[in-house]
Amino acid sequence: MNAATASFATAPQQVTAAPKEIRLRRARRTLELTWPDGLHSEVSCLALRKACACSNCQLAQQRGALTLIDAEVGIDRLELSGVSGLQLYFSDGHFRGLYPWGYLRDISERLA
Ligand SMILES: [Zn+2]
């Protein structure tokens, strides 16, 4: 019997290194990230909130439901989610989204 090779349509999961530095700038409502390769990015809390990929937000997006997000949304607290990413606690009470390093890196590059 031949060995089957599974092929996936999705991009290979690359392991993204954690940022060297993460700074929550509450007054500016941004998250500052410095990556090991020198990329420095400052992403607004609003952009991060919009990018939430939790099941609720994804479902809303699939349904085309309008999600109202306060433009003044901030981040109250961040926590490391294991060694692979961050969990962000937004000021609007939303905290279900996990942000793996690879995803944060994507967001950083898009907004850089
Ligand atoms: Zn969400």
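**Group meeting: a core, a sheet and a zinc site**

Okay, let's start in the middle: the largest nonpolar core has 20 residues, and L48, L88, F90, Y99 and L104 touch the most other members. By nonpolar core I mean a set of buried Ala, Val, Leu, Ile, Met, Phe, Trp, Tyr and Cys residues joined through side-chain atoms within 4.5 Å. Buried is under 20% relative accessible area, exposed is over 50%, and partly exposed is in between, with a 1.4 Å probe and protein chains only. At least two residues of this core come from each of β2, α1 (45–50), β5 (85–90) and α3. Those labels are DSSP runs numbered from the N terminus: helices are H or I with at least four residues, strands are E with at least two.

Quick caveat: this is a predicted model, where local features need pLDDT of at least 70 and side-chain atom pairs count only at pLDDT 80 or more, while totals for chains, interfaces and linings use all residues. Residues are numbered from 1 along each chain as its sequence is written, and side-chain values use heavy atoms, leaving out hydrogens and water.

Now, what does F90 contact, leaving aside neighbours within four places in sequence? F90 is in contact (heavy atoms within 4.5 Å) with C45, L48, R49, V73, G74, I75, D76 and Y99.

On to the sheet. It's open, with three strands in the order β1-β2-β3 and antiparallel pairing; pairing takes at least two DSSP bridges between two strands. β1 (21–25) and β3 (40–44) are the edge strands, each pairing on one side only.

β3 has two faces: S41 and V43 are covered, whereas H40, E42 and S44 are uncovered. In a regular strand, side chains alternate between the two faces of the sheet.

Last stop, the zinc ion. Its donors are C52 (SG), C54 (SG), C57 (SG) and H94 (NE2), at 2.1 to 2.3 Å. Donors here are N, O and S atoms within 2.8 Å of the metal (3.2 Å for Na, K and Ca); water is not among the atoms, so sites may look incomplete. Their spacing in sequence is C-x1-C-x2-C-x36-H, and both C54 and C57 are buried.
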